[in-house]
Every structure is written in structure tokens, then in C-alpha cells.
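Dear colleague,

Please find below the structure that I am handing over to you, followed by an account of what was found in it.

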Amino acid sequence: MLIKSRRLRGLLNSLGSVAVTLFGLLLVTFVISRMLPADPVLAIVGDHATDEYVERVREQLGLNEPILVQFWIYFTNVIQGDLGQSIRTSQPIAQELMNVFPATLELATLGTIIGIIFGIPLGVLAAVRKDTLIDHVVRFVGLVGYSVPIFWLGLMGLLVFYAKLDWLPGPGRLDFGYEDMVTPVTGLMTVDTLISGDMDLFKNALGHLILPASLLGYFSLAYISRMTRSLMLGQLSQEYILTARVKGVSETRIIWKHAMGNVLVPLITVIALSYGNLLEGSVLTETVFAWRGLGLYITDSIFGQDMPAVMGGTIVVGAVFIVINMLTDVAYRLLDPRAQ
């Protein structure tokens with residue numbers, strides 16, 4: 001009964017934190033949009049519109065209302081799923097975001113999987129072989145992943161694997177002419193092409209995904225391997241590890257059961273942060289590879305002075321971080337009973 005009460009209290013606290021954070025996100029987004037010098041009405045009607053028409057549009061948008069009333073209207077619309085209309089396309093922003101977000105989700109998810117598969121073993125190997133050649137190589141690989149601009153790596157990848165070697169397809173999610181052959185179901189191109197049953201389309205979609213996902217995976221690998229190495233070094237210096245070795249426990253068991261068991265919980269936070277950064281920060285990758293995802297959508301909206309679309313994209317990014325943090329908190333509680 002006591003445990004259930006604590007779990008219920010923890011759940012209510014988490015939901016309360018989510019609500020407060022979301023409200024703060026909406027407030028900050030709204031304030032920033034009102035502080036920008038760009039006039040949203042002029043962005044809609046153009047520079048040659050008459051004063052009467054400008055005033056009528058301003059009235060329709062509610063921009064003559066007091067600022068608190070404007071925020072209340074914006075807040076109530078957002079919580080009902082209405083993010084307004086795009087200035088550039090005149091389409092509902094929520095619908096446009098639903099169309100582009102799966103592309104970013106597909107890209108970031110595969111990138112994170114690549115980062116986990118290679119980053120964790122490399123981090124463990126570097127910690128176990130500390131100050132050896134292997135350790136230096138792993139640290140150098142991580143340093144390059146952090147230091148080299150991701151757009152430059154993307155351009156080099158296209159130049160080598162697409163232009164020179166012709167091993168992989170070029171920018172975009174499908175070859176030109178194939179895009180109209182896929183019926184959107186999930187928005188994930190590899191999944192939708194599988195559903196269509198056309199294996200040539202699936203191979204084409206997978207080929208387009210490999211290069212940008214590998215690039216993001218390398219960025220994720222650099223972060224995960226560095227943090228795994230640091231966490232493992234902290235555990236391998238503990239007394240319980242020395243005791244296990246004295247008792248004759250095999251090194252493999254010490255590393256992957258005892259040390260890794262304690263590293264796993266903080267490593268979840270590392271992976272969650274990496275995943276969130278890929279979802280939010282894949283702007284340059286999507287731009288280089290003409291990947292119609294959330295990052296490219298926000299970039300185009302900024303250049304087009306489409307502030308409602310920028311605000312909508314920002315809210316989605318913030319909401320993604322909130323959801324990831326909430327899932328991380330749940331994973332913490334499941335893996336570490338002390339977190340209850």
C-alpha cells in the first residue's frame with residue numbers, strides 16, 4: 001500500500017512537472033515571437049497592401065487585443081491542437097508538422113541505434129584498456145565526432161559514396177520519380193515501402209537512409225562512447241570490483257554484469273539526451289541531404305519569416321524533450337528501486 005502510494009505520488013509529481021514545463025515553453029515561445037521585429041501581418045499581406053486591409057487582417061488575428069488576451073487565445077488554441085496556419089503555405093501547421101516529423105523520427109532513431117550499438121562497446125573497451133593504443137583510438141574517434149562540423153562530414157559522405165563510388169543514392173528520401181509511388185501510412189519511408197510490398201522501393205528508401213543516419217550515428221557514437229568510458233572508469237575503480245577480482249570472478253562477468261549493471265542507469269540518461277539532441281539538432285543533416293524533416297521545416301520557416309510555423313516547430317521539439325525526460329524517469333524507477 002505504501003509503495004502504491006509512493007508510485008501514485010511520483011506519477012502525479014511527474015505529470016505536474018510536465019504541465020508546468022509545457023506551460024513555460026508556451027509562454028517563452030509566445031514572448032519571443034512578440035519581441036521579434038518582424039510584423040506577422042506584413043508577412044501575410046505583403047508590403048503593398050492598403051492600410052485598411054492590414055488593419056483588417058490584424059483584427060482577424062487578434063493582434064489588437066491586450067497581450068495577455070493574445071496569450072490566452074494562443075494557449076487555448078495550442079492545447080486543443082491548433083497551432084495556427086502557415087504564412088507560406090496557408091496550411092494548418094499541426095498537419096504540416098505531422099507530415100514532416102516522422103522523417104526526423106526515422107532518421108534520429110536509426111542514428112541513435114547505431115550510436116548505441118557501437119558507442120557502448122567502444123566506451124567499455126576504452127575503459128578496460130585505459131591508456132593503451134585502443135583507448136587513444138577510441139578517444140580520437142570521439143573527438144573527431146565532436147569537433148568536425150556535421151555538414152562538412154555530410155558533404156564529404158555525398159562526394160565519396162554517392163558521386164565518386166556510386167555505392168549509395170543521393171539526397172532525398174527516395175529517388176526522383178519514386179516519391180509518388182508510396183502511399184503514406186506511418187510517414188516512416190522504410191516502413192511504408194515495406195507495407196506497399198515493393199522491395200525495390202524499400203531498398204531505395206533504405207539506401208537513402210543509410211548515409212544521413214550513419215552520420216548522425218557517428219555523432220551519437222562520439223557522445224555515448226565518451227560517457228560510457230567515463231562511467232565505466234568510475235565503476236572499475238570501486239572496491240567491490242577489486243573484491244570480485246580477489247574472489248576469482250571472471251573479468252567478463254565483472255565488466256558486463258557488475259560494472260555495467262551500475263553504469264546502465266546513468267547511461268540511460270546519456271542515451272536519452274543523445275536521442276533528444278538528434279531529434280532537435282538534425283537541422284544541418286536534413287539540409288545537406290534534402291531530408292524533408294522537422295529540422296528542414298523549421299529552417300525554411302525561419303528564412304520565410306513564417307513565425308507561426310517556427311513557434312509550432314519549437315513547441316514540438318520542446319514536447320519531444322519533455323516526453324523523453326518523462327520516459328527516462330520511468331526507466332529510472334523501473335531499473336533502480338532506490339528511485340522510488
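S90 counts as partly exposed because its relative accessibility is 47% (buried means under 20% relative accessible area, exposed over 50%, partly exposed in between, with a 1.4 Å probe and protein chains only). S90 is found in the loop between helix 4 and helix 5, where helices (H or I, at least four residues) and strands (E, at least two) are DSSP runs numbered from the N terminus. Although S90 is not a glycine, its phi is positive, at about 60°. Most residues other than glycine have a negative phi. D131 is another residue other than glycine with a positive phi, near 65°. D131 lies in the loop between helix 5 and helix 6 and is exposed, with a relative accessible area of 51%.

Please note that this is a predicted model, in which local features need pLDDT of at least 70 and side-chain atom pairs count only at pLDDT 80 or more, whereas totals for chains, interfaces and linings use all residues. Residues are numbered from 1 along each chain as its sequence is written, and side-chain values use heavy atoms, with hydrogens and water left out.

As to the overall architecture, the protein has 14 helices and zero strands. The C-alpha trace spans about 85 × 60 × 40 Å along its principal axes. Of the 340 residues, 38% count as buried. The accessible surface comes to about 19,400 Å², and 65% of this area belongs to carbon and sulfur atoms (accessible areas come from the Shrake-Rupley method with a 1.4 Å probe; for residues, only the protein chains shown count as cover). Among contacts between residues at least 6 apart in sequence, 71% join residues at least 24 apart, a contact being heavy atoms within 4.5 Å.

I turn next to the salt bridges. A search of the whole structure finds six of them, each defined as a side-chain nitrogen of Lys or Arg within 4 Å of a carboxyl oxygen of Asp or Glu.

One of these joins the side chains of D306 and R88, at 3.5 Å from N to O. The pair links distant parts of the chain, 218 residues apart: D306 is in the loop between helix 13 and helix 14, and R88 is in the loop between helix 4 (67–79) and helix 5 (93–128). Is D306 buried or exposed? D306 is buried, because its relative accessible area is 0%. R88, by contrast, counts as partly exposed at 37% relative accessibility. The side chain of D306 also reaches the backbone nitrogen of I87 at 3.1 Å. That is a polar contact (a pair of N or O atoms within 3.5 Å; within protein, one must be able to donate a hydrogen and the other to accept it, and residues adjacent in sequence count only if both atoms are side-chain atoms). Leaving aside residues up to four places away in sequence, D306 touches S86, I87, R88 and S301.

A further salt bridge is formed by R173 and E106, whose closest N and O atoms are 2.9 Å apart. R173 lies in the loop between helix 7 (150–164) and helix 8 (189–196) and E106 in helix 5, so the pair ties together parts that are 67 residues apart in sequence. Both R173 and E106 are buried.

D135 and R139 also form a salt bridge, with 3.8 Å between the closest N and O atoms. These two residues are separated by about one helical turn because they are four residues apart in helix 6 (residues 133–147). D135 is buried, with a relative accessible area of 0%, while R139 is partly exposed at 41%. A network of salt bridges links D135, R139 and R229.

Finally, I would draw your attention to helix 9 (residues 199–236). Helix 9 has 38 residues, but its end C-alpha atoms are only 47 Å apart, short of the 56 Å that a straight helix would reach at 1.5 Å a residue (the expected span is 1.5 Å times one less than the number of residues). Where in helix 9 does the kink lie? A kink of about 30° lies at I210, shortly before the proline P212; the bend at a residue is the angle between axes fitted to the seven residues ending there and the seven starting there. At the N-terminal end, helix 9 is capped by D198, which has a side-chain oxygen 3.1 Å from the backbone nitrogen of D200.

Yours sincerely
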